Amino acid sequence: MMILGIVVFVIGLLVSIAWHELGHLSTAKLFGIRVPQYMVGFGPTIWSRKKGETEYGIKAIPFGGYIRMIGMFPPGDDGRITARSTSPWRGMIEDARSAAFEELGPGDDKRLFYTRAPWKRVIVMFAGPFMNLVLAVALFLTVLMGFGISQQTTTVSSVSQCVIAQSENRDTCKSTDAPSPAAAAGLKAGDKIVSFDGVKTDDWNRLSDLIRAHPGKQVPIVVERGGHDVTLHAKIATNQVAKKDSHGQIVQGQYVNAGFLGFSAATGVVRQDFGQSVTWMGDRLGEAVDSIASLPGKIPALWDAAFDGAPRQPDSPMGVVGAARVGGEIFTLNIPATQQLAMALMLVAGFNLSLFLFNMLPLLPLDGGHIAGALWESLRRHLARVLRRPDPGPFDVAKLMPVAYVVASVFICFTILVLIADVVNPVKIS
């Protein structure tokens with residue numbers, strides 16, 4: 001089952017890469033740019049076939065892919081033109097001004113990437129990451145609306161007998177502890193809370209927020225018990241409870257004083273409607289943006305986990321190898337096969353969301369760097385027209401190659417660090 005899970009993830013990875021490059025390929029051909037190669041993977045070619053003017057193939061190392069477009073950069077001072085890969089995962093950046101004449105054929109001077117209008121170049125470079133976003137949304141919706149996700153519900157799992165500050169981390173009541181409002185009101189395991197203080201509640205997060213917002217208040221609580229509605233009355237206590245962040249997630253180790261009822265919510269697999277799914281995806285998008293922004297700050301802990309035996313944090317950066325191991329671990333969990341598949345699809349969806357966000361960073365050699373160059377060229381030309389100055393011509397992205405080398409070097413070093421950590425001290429979900 002571990003091997004099956006890894007195979008499922010690798011297939012999902014290859015589909016994601018091929019789908020990304022298909023976005024570049026289709027839009028490049030739409031705008032008449034010649035594309036000599038479309039490859040999934042790096043290294044030695046396993047299989048390829050030429051159809052029309054493009055060679056399609058699969059390479060041995062499934063950690064990326066690329067298409068090759070001619071004329072990615074304008075001619076240098078010597079009049080030479082280079083062809084260039086648009087791969088978002090290139091580990092080595094090709095020399096910007098070398099060995100490109102061999103790729104040029106008769107009539108190709110009118111089919112160069114840099115000769116297309118800036119808005120067309122933006123579309124070509126954005127199409128790849130956008131395809132990852134489309135795939136991520138499709139997979140998320142499939143899981144959320146089709147399979148459902150495991151989450152806390154408004155059904156009572158157990159009732160606390162007393163009020164205990166969550167920071168004390170104990171379950172046994174002391175004689176000095178006050179009775180919990182839930183126990184005093186007669187709440188029982190198996191009750192389903194249908195309304196709180198007159199507000200209908202079919203969502204745990206909403207119910208939790210309502211309880212937290214009513215410290216010291218006497219409120220009516222309607223529960224479904226044995227097929228009938230029963231109204232209980234509870235005076236909400238004030239207690240020290242775990243803090244929530246802006247996404248409604250618990251912040252470990254931080255507490256606030258808020259309303260407390262005193263019960264544990266049962267978990268279950270719940271299908272989401274379209275509106276709930278959109279809200280859920282919006283929250284995950286915000287978390288993903290925050291994760292990318294916080295990557296530099298996680299490097300010291302990642303280094304300690306890789307080389308000093310420190311515990312690997314659950315939110316630690318994870319590479320393809322680590323994600324594949326998690327994919328394998330999913331299929332060993334003692335949960336229904338449908339939920340194993342749902343978790344695997346979620347993993348692939350999250351990978352695609354990360355690909356989208358990472359590739360939109362305005363840095364070469366990422367797609368976002370080429371997009372930024374095209375937008376800058378458009379702005380320069382527009383200002384020149386407004387100021388009645390000569391057309392400055394195409395912006396030479398090749399001049400930013402020193403920056404691209406630095407970015408690529410940092411990315412390679414970070415990838416190696418993550419790989420080592422994934423091998424010696426992997427993230428585990430069980």
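These are my notebook entries on a predicted model of one protein chain.

**Entry 1: overall look**

I started with the whole chain. The protein has 430 residues, and 43% of them count as buried. I looked up the secondary structure next and found 10 helices and 11 strands. Along its principal axes, the C-alpha trace spans about 90 × 55 × 45 Å. I also checked how far along the sequence the contacts reach. Taking contacts between residues at least 6 apart in sequence, 64% join residues at least 24 apart.

**Entry 2: how confident is the prediction?**

The mean pLDDT of the protein is 87, and 93% of the residues score at least 70. One is residues 87–94, which still has 33 contacts in the model beyond near neighbours in sequence. The other is residues 96–101, with 19 such contacts.

**Entry 3: what the UniProt record says**

The record gives "transmembrane region" for residues 122–147, 341–361 and 403–424. I looked at two of these spans in the model. Residues 122–147 are 100% helix and 0% strand, with the end C-alpha atoms 36 Å apart. Residues 341–361 are 90% helix and 0% strand, and there the end C-alpha atoms are 31 Å apart.

The unreviewed entry also lists "domain: PDZ" for residues 145–227. In the model that span is 20% helix and 31% strand, and its end C-alpha atoms lie 27 Å apart.

**Entry 4: H1 against H8**

Next I went for a helix pair. Two packed helices are described by the angle between their axes and the distance between the axes. Helix H1 (residues 2–30) and helix H8 (residues 337–359) pack at about 35°, with their axes 10 Å apart. The crossing of H1 past H8 is right-handed.

Which residues of H1 meet H8? I listed Val8, Phe9, Gly12, Leu13, Ser16 and His20 on the H1 side. Facing them from H8 are Ala344, Leu347, Val348, Phe351, Asn352 and Asn359. Sorted by type, the residues of this contact come to 7 nonpolar, 5 polar and no charged.

I zoomed in on Ser16, in helix H1. Is Ser16 buried or exposed? Its relative accessible area is 0%, so Ser16 is buried. Leaving out residues up to four places away in sequence, Ser16 touches Asn132, Leu135, Val348, Phe351 and Asn352.

Then I turned to Phe351, in helix H8. Phe351 counts as buried because its relative accessibility is 17%, and the cut-off for buried is under 20%. With the close sequence neighbours left out, Phe351 touches Phe9, Leu13, Ser16 and Val320.

**Entry 5: a covered helix**

How many residues of helix H7 (residues 320–330) are buried? I got 8 of its 11, so the helix is mostly covered. The buried ones are Gly322, Ala323, Ala324, Val326, Gly327, Gly328, Glu329 and Ile330. They pack against H1, H8 and helix H10 (401–424).

Most residues other than glycine have a negative phi, and most peptide bonds are trans.

A cis peptide bond turned up between Leu364 and Pro365, with omega about 10°. Pro365 is in the loop between H8 and helix H9 (367–386).

Asn169 is not a glycine, yet has a positive phi of about 55°. I found Asn169 in the loop between strand E4 (149–159) and helix H3 (181–185), and it is exposed, with a relative accessible area of 72%.

Arg388 also has a positive phi, near 60°. This arginine lies in the loop between H9 and H10. At 79% relative accessibility, Arg388 counts as exposed.

Key:
Residues are numbered from 1 along each chain as its sequence is written. This is a predicted model: local features need pLDDT of at least 70, side-chain atom pairs count only at pLDDT 80 or more; totals for chains, interfaces and linings use all residues. Side-chain values use heavy atoms; hydrogens and water are left out. pLDDT is the predictor's confidence in each residue, from 0 to 100. Contact means heavy atoms within 4.5 Å. UniProt positions are given in the numbering used here, feature names are shortened, and annotations may be inferred rather than shown by experiment. Helices (H or I, at least four residues) and strands (E, at least two) are DSSP runs, numbered from the N terminus. Axes are lines fitted to C-alpha atoms, for helices over the stretch in contact, and angles run from 0 to 180 degrees between N-to-C directions. A crossing is left-handed if the near helix is turned anticlockwise from the far one by less than a right angle, and right-handed if clockwise. Ala, Val, Leu, Ile, Met, Phe, Trp, Tyr, Cys and Pro count as nonpolar, Asp, Glu, Lys and Arg as charged, and the others, Gly among them, as polar. Buried means under 20% relative accessible area, exposed over 50%, partly exposed in between (1.4 Å probe, protein chains only).
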